Amino acid sequence: MLSVTDLRKTYSSGEEALTGVSLDVTGSETVAMIGPSGAGKSTFIRCVNRLTEPSEGSVVLDGVEITDLSGESLREARRDIGMIFQEYNLVERLTVMENVLSGRLGYTSTWNAFRRNFADEDIERAYEVLDRVGLGGHENNRADELSGGQRQRVGIARAILQRPKILLVDEPTSSLDPETSRAVMDLLTEIAAEDDIPLLINIHEVDLAEKYANRIAGLREGSLVFEGTPAELDETAKGQIYRGEEIPAGAGPAGKVESDEPPETPSQASEIRRG
Ligand SMILES: Nc1ncnc2c1ncn2[C@@H]1O[C@H](COP(=O)(O)OP(=O)(O)OP(=O)(O)O)[C@@H](O)[C@H]1O
């Protein structure tokens with residue numbers, strides 16, 4: 001379970017990106033975070049795994065206070081957090097298999113990673129994970145030979161190879177066409193359900209949030225202005241999130257709630273074969 005309390009982030013520029021956001025993500029639920037551009041969605045997700053340093057607040061994952069950690073303990077905690085990025089964050093000249101195995105780099109020594117001495121067990125599991133995301137047979141393709149949807153599948157495979165306790169997903173579909181976006185969302189929500197892990201997903205497309213999420217969190221100007229089910233996300237709530245409209249007195253249930261570093265990878269492409 002992820003429990004975020006009163007998270008604040010002020011960038012050195014003085015920009016107050018988060019002004020005290022609290023949100024829990026539990027079980028195998030999918031929580032979609034929506035909101036206009038600049039609302040603070042990416043900042044929120046990046047503060048959870050400390051790719052961005054929060055200014056104040058608490059982030060607890062399965063009982064571990066992430067904001068207190070540093071060095072090796074922070075690296076260990078990050079292994080529990082699968083991260084999937086909008087622009088995939090793949091190393092273009094590396095193979096699919098190498099990109100996926102880079103999800104295991106946190107577990108292997110620098111020397112072994114450099115030599116690409118991945119454990120046979122990891123390679124075996126990477127084949128399984130690639131089959132699972134529909135990329136069986138593409139292990140030795142270079143990342144730059146893949147379509148956008150396939151690249152995102154590699155990103156998903158890399159994240160789940162870590163056996164994470166939560167998946168954080170930042171705008172997974174913004175570079176994809178509608179059909180591919182739905183396929184990627186199907187895959188993500190299937191994995192969350194099958195592996196019994198929660199999914200926190202930033203997403204621009206409200207229709208995808210409504211279709212796939214169990215719960216929707218609406219951010220506006222760094223504050224959580226809505227938290228509810230897709231059914232509760234009515235026009236009033238959308239007006240509040242996207243246009244800053246006040247909730248009319250006596251309105252329904254919706255509204256409420258007051259209130260830098262990609263994974264390390266080896267440097268050159270080469271084939272890694274089943275051991
Ligand atoms: N590294 C940074 N330095 C300074 N300000 C930043 C930085 N990153 C983000 N911001 C600012 O913080 C605010 C929130 O940005 P963030 O990227 O979190 O929003 P977002 O909701 O994810 O937007 P989008 O949907 O466009 O990706 C914006 O005003 C943005 O300009």
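Two strands are taken as paired if DSSP finds at least two bridges between them. With that in place, I shall begin with the sheets of this predicted model.

The parallel pair to look at is E3, residues 30-34, with E9, residues 215-220, which are joined over four bridges. Within that pair, Ile34 has Gly218 of E9 as its bridge partner. Both strands belong to an open sheet of six, whose order is E6-E7-E8-E3-E9-E10 and whose pairing is mixed. E6 (81-84) and E10 (223-228) each have a single partner strand, so one side of each is left without a neighbour in the sheet. On average, and with direction ignored, neighbouring strands of this sheet are turned by 20° against each other.

Helix H7 lies across this sheet at E3, at E7 (166-170) and at E8 (199-202). The direction of H7 makes about 160° with that of E8.

I turn now to the other sheet. Here four strands are arranged as E2-E1-E4-E5, again in an open sheet, with antiparallel pairing. Its edges are E2 (16-25) and E5 (64-65), each of which pairs on one side only. H1 packs on this sheet and touches E1, E2 and E4, with a direction at about 120° to that of E1.

Strand E1, residues 2-10, has partners on both sides. Towards E4, residues 56-61, five bridges hold the antiparallel pair together, and Arg8 stands opposite Glu56. Towards E2, the antiparallel pairing runs over seven bridges, and Leu7 is partnered by Val21. E1 and E2 form a hairpin with five residues between the strands, in which Gly14 adopts a positive phi near 95°.

The ligand comes next. Which residues surround the ligand? They are Tyr11, Ser13, Glu15, Ala17, Gly35, Ser37, Gly38, Ala39, Gly40, Lys41, Ser42 and Thr43. Sorted by class, this shell holds seven polar, three nonpolar and two charged residues. Helix H1, residues 41-48, supplies the largest share of the shell, with three residues.

Finally, the helix packing, where H6 takes part in both contacts I shall describe. The axes of H5 (residues 120-132) and H6 (residues 148-161) come within 9 Å and cross at roughly 135°. On the H5 side the contact uses Arg125, Ala126, Val129 and Leu130, and on the H6 side Ala157, Ile160 and Leu161. That contact contains six nonpolar residues, one charged residue and no polar ones.

Against H7, residues 178-195, H6 packs at an angle of about 15°, with the axes 10 Å apart. Angles under 35 degrees count as roughly parallel, and H6 and H7 are therefore roughly parallel to each other. H6 also passes H7 in a right-handed crossing. H6 contributes Gly148, Gly149, Gln152, Ile156 and Ile160 to this contact, while H7 contributes Thr180, Ala183, Val184, Leu187, Leu188 and Ile191. By class, the contact of H6 with H7 has seven nonpolar, four polar and no charged residues.

H7, in turn, is the helix that lies across E3, E7 and E8.

Definitions and conventions:
Residues numbered from 1 in each chain as written. Predicted model: local features only at pLDDT ≥ 70, side-chain atom pairs only at ≥ 80, totals over all residues. Near = placed C-beta within 6 Å. Helix = DSSP H or I, 4+ residues; strand = E, 2+ residues; numbered from the N terminus. Nonpolar A, V, L, I, M, F, W, Y, C, P; charged D, E, K, R; others polar. Axes fitted to C-alpha atoms, helices over the stretch in contact; angles between N-to-C directions. Contact = placed C-beta atoms within 7 Å. Parallel < 35°, antiparallel > 145°, perpendicular 65-115°, else oblique. Left-handed = near helix turned anticlockwise from the far one by under 90°.
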